[in-house]
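Trainee: I am new to this structure and would be grateful for a close look at a single part, the place where the two chains meet. Please take me through it in one connected account.

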Amino acid sequence: MIRVQLEDFDIGQEIDALTAGNTGIGGICSFMGTVRDMAGGSGADDAVSTMTLEHYPGMTEKALAQIDAEANTRWNLAASLIVHRYGELTPGDRIVLVVTASAHRQDAFEACQFLMDWLKTKAPFWKLEASEDGASWVEARESDDDATARWK
Amino acid sequence: MKILYFAWVREKTGIASEEISLPDGIGTATQLMDWLSVRGDGFADAFANTDTVRVAINQEHASLDHPVTDSDEVAFFPPVTGG
């Protein structure tokens, strides 16, 4: 299941709703991404005041659904969820949530990491960081491409 | 053809989307970028370095040499940075 939304989310409620009534689940993994206060994430001097996430309505939902389907093909999952926010966020805000649930932990662990790696290089989102010095678009990282490439 | 621009590509072209009639002789995404580039400084700037531009055709990631037709929805944008 995937959702793209402006609104915040509650990780506990999301996990409860996703797994309710499914007693075959033996393990649940989650990853939540939040807004850092450092521009570029590497200790630059200018503190981020806002981060605005732009996306491609239509393609975003399609891409996330494809990524979710791919994870369910590769691993034996009882349930999976991707929630991604867009719009203007501030440091500390939640951006993205991935939850995977399976009978045994290995599937949940691996699928959770796969979903994050793939969505970072395939889902059409772009981050604009604003600080006192102005606004700049976050550049894609080669390490993210490498992280995607290792899931052959 | 519907064309969409995102992030700094949108800022440079100055528009988020437009409808055009695909001119004769434009058969790939690269050829479309070259044609768009000569429409004005903003477009030229947006497509100055095609290594940094990605394309989606009908909402699927595509290579720059992918064919385009007049009924396609084509989007140009920088490498994605979500998550």
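How many salt bridges does the rule find across the interface of chain B and chain A?

Mentor: The model is a predicted one, and the rule finds one salt bridge across the interface of chain B and chain A. Its partners are A:E54 and B:R10, whose side chains meet at 2.5 Å, N to O. Polar contacts are counted separately: 15 residue pairs are in polar contact between chain B and chain A, both residues of each pair being at pLDDT 80 or more.

On the side of chain B that touches chain A, the elements giving two or more residues are β1 (2-5), α1 (7-13), β4 (60-62) and β5 (73-77) of chain B. Of these, α1(B) gives the most, with four residues. By class, this side of chain B has 11 nonpolar, six polar and four charged residues.

The extent of the interface may be considered next. The size of an interface is often given as the accessible area lost when the parts come together. Here, the area buried between chain B and chain A is about 1,800 Å², and carbon and sulfur atoms give 56% of this area. Within chain B, the residues that lose the most area to chain A are B:Q59, B:T81 and B:G83, together 36% of what that side buries. In terms of contacts, 25 residues of chain A are in contact with 21 residues of chain B.

The element that gives the most is α3(A), with five residues. The volume of the largest pocket is about 600 Å³, and its lining has 10 nonpolar, 10 polar and eight charged residues.

The second largest pocket holds about 300 Å³ of space. By class, the lining of the second largest pocket divides into three nonpolar, three polar and seven charged residues.

How values were computed. Residues numbered from 1 in each chain as written. Chains lettered and ligands numbered in written order. Predicted model: local features only at pLDDT ≥ 70, side-chain atom pairs only at ≥ 80, totals over all residues. Heavy atoms only, no water. 1 Å grid on protein atoms, 1.4 Å probe; cavity = no way out; pocket = protein on both sides within 12 Å on 5 of 7 lines; lining within 4 Å. Points joined across faces, edges and corners; volume = space filled by probe spheres on them. Nonpolar A, V, L, I, M, F, W, Y, C, P; charged D, E, K, R; others polar. Contact = heavy atoms within 4.5 Å. Buried area = accessible area lost by both parts, 1.4 Å probe. Salt bridge = Lys/Arg side-chain N within 4 Å of Asp/Glu carboxyl O. Polar contact = N/O pair within 3.5 Å; in protein donor to acceptor, adjacent residues only side chain to side chain.
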